[in-house]
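Subject: Two-chain model for your files

Hello,

The structure you asked for is below. My notes on what was found in it follow.

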Amino acid sequence: MTSMVKADEIDWPELVRRIHLDQDKKAFAKVFAHFAPRVKSFLMKGGSGETLAEECTQEVMATLWQKAHLFDPTRASVSTWIFTIARNKKIDALRKQRRPEPEDLTWGPEAEPDQADVIVLQQETERLAKAVAELPEKQRLLIKQAYFGDLSHNEIAEETGLPLGTIKSRIRLALERLRHTMK
Amino acid sequence: MEQIKHHLNDSLLMGYASGNLPEGFSLVVATHISLCDECRARLESFDAVGGVLMDNDDEVAMHEDSLASTFNLIANTPEAPKTSVPTKGAVLPTPLQSYVGGDLDKVRWSNLGGGVKQCLLKTSNKATVRLLNIPAGAAMPDHGHRGTELTLVLKGAFRDEDGRFGRGDIELANEDLHHTPVAEAGEDCICLAATDAPLRFRSLIPRMAQPFLGI
Ligand SMILES: [Zn+2]
Ligand SMILES: [Zn+2]
């Protein structure tokens, strides 16, 4: 039974792959069950009322379905990717601002991601989660406030103290590979 | 690509990842990242922090018919448009092109005096963002800053008290910096500059002209 499987044992990238390749509604339902309530909470902490948050969360999850082909599991975990969609929705729907996005790098010849790279990125994300959980209380609260509330960049210390070294190197490697295939 | 030496700092990357920068600053950040894989990797690791926080935070129950409504929404939404493919050899990266309406040839310049030209870009009003064209060898009026100023070089290069800035380089200036950027000889310098407060000019004439120029 899926209800007995802990969230961190679910192969999220594989579920997104099945959404992309097979329009797999069961896979989508699993992703939805886990992430939609978190996205909704995120939007409500960002100042949205319940009704709007519900509506926006449905839109975020629909975007996930439509953009499943753009997800690169060697660069981001599924939670990271959904966070970026939810954040953009928050800016767009709650702040009524436009969000300039960097030039996309995912338009190169489509290559199957190397499974080993996918796993390493997953592990790096787990290590990051652990490191964030172990930050001194005061610092973790400040970082949470930056992401959930609205600290301006002037209120964020230039040195955030976040241990981003190894996950950054993995992403850097993935970008290099992508640049290589684009040539 | 020229080697980029001047990068974004952590607070700007985290501000962009968390969605808390004014639109004009976001445009400068997105444009720099389009040119700089180093900062792109740093940004994506800040995105990962957001993912981790969201994944381990509270939940708010969705409505009972949510999943069905979402499938409905999917069925009724036209397919997302393909992301625009950057044109080879463009001077302006795609995020900037979407504000200008095309590459450099589509910029509608207006004269600032001394051969310097600018083009204000329309964004939300918490920050002002503009393209600047400084003639080869010419100087911008020397000035200080009340808030934060981000300057990203797109073409040519300039030098000031903090060093040399070429394509892709970004200069972060705040209250502590008083500078006179000078474009290098040989090529006009085109940059994208965003400020969240009006600049402070030392000489009298630019200060008088300030309200008219919108700097
Ligand atoms: Zn950079
Ligand atoms: Zn300045």
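**Strands of chain B**

In chain B, strand β1 (residues 110-113) and strand β2 (residues 116-121) run antiparallel and are joined by 3 bridges. Two strands are called paired if DSSP finds at least two bridges between them; strands (E, at least two residues) and helices (H or I, at least four) are DSSP runs, numbered from the N terminus. Within this pair, B:Asn111 stands opposite B:Lys117 of β2(B). The hairpin of β1(B) and β2(B) has 2 residues between the strands, and B:Gly114 takes a positive phi near 65° there.

Before the rest, the ground rules. This is a predicted model, in which local features need pLDDT of at least 70 and side-chain atom pairs count only at pLDDT 80 or more, while totals for chains, interfaces and linings use all residues. Residues are numbered from 1 along each chain as its sequence is written, chains are lettered from A and ligands numbered from 1 in the order in which they are written, and side-chain values use heavy atoms, with hydrogens and water left out.

Chain B also has an open sheet of 3 strands in the order β7-β6-β9, with antiparallel pairing. Its edge strands are β7 (163-165) and β9 (182-183), each pairing on one side only. Strand β6 (residues 158-160) of chain B is joined to β9(B) by 2 bridges, and B:Arg159 stands opposite B:Val182 of β9(B).

**Where the chains meet**

Chain B brings 66 residues to the contact and chain A brings 72 residues, contact meaning heavy atoms within 4.5 Å. The two chains bury about 6500 Å² between them, 61% of it on carbon and sulfur atoms. On the chain B side, B:Met14, B:Met54 and B:Met62 lose the most area to chain A, together 11% of what that side buries. Buried area here is the accessible area (1.4 Å probe) that two parts lose on being put together, summed over both.

There are 31 residue pairs in polar contact across the interface of chain B and chain A (both at pLDDT 80 or more). A polar contact is a pair of N or O atoms within 3.5 Å; within protein, one must be able to donate a hydrogen and the other to accept it, and residues adjacent in sequence count only if both atoms are side-chain atoms. Five helices of chain B, α1 (10-17), α2 (23-35), α3 (37-55), α4 (66-76) and α5 (94-100), each supply at least two residues of the side that touches chain A. The largest share of that side, 17 residues, comes from α3(B).

**Salt bridges**

The count over all chains is 30 salt bridges, and between chain B and chain A it is 10. The rule asks for a side-chain nitrogen of Lys or Arg within 4 Å of a carboxyl oxygen of Asp or Glu. A:Lys45 and B:Asp57 form one, with the closest N and O atoms 2.2 Å apart. That pair crosses from helix α2 (residues 25-45) of chain A to the loop between α3 and α4 of chain B. B:Glu38 and A:Lys168 form another salt bridge (2.9 Å, N to O).

**From the UniProt record**

An unreviewed UniProt entry lists "domain: ChrR-like cupin" at residues 103-195 of chain B. That stretch of chain B is 0% helix and 49% strand. For chain A, the annotation "domain: RNA polymerase sigma-70 region" (unreviewed entry) covers residues 32-99, a stretch that is 71% helix and 0% strand. UniProt positions are given in the numbering used here, feature names are shortened, and annotations may be inferred rather than shown by experiment.

Regards
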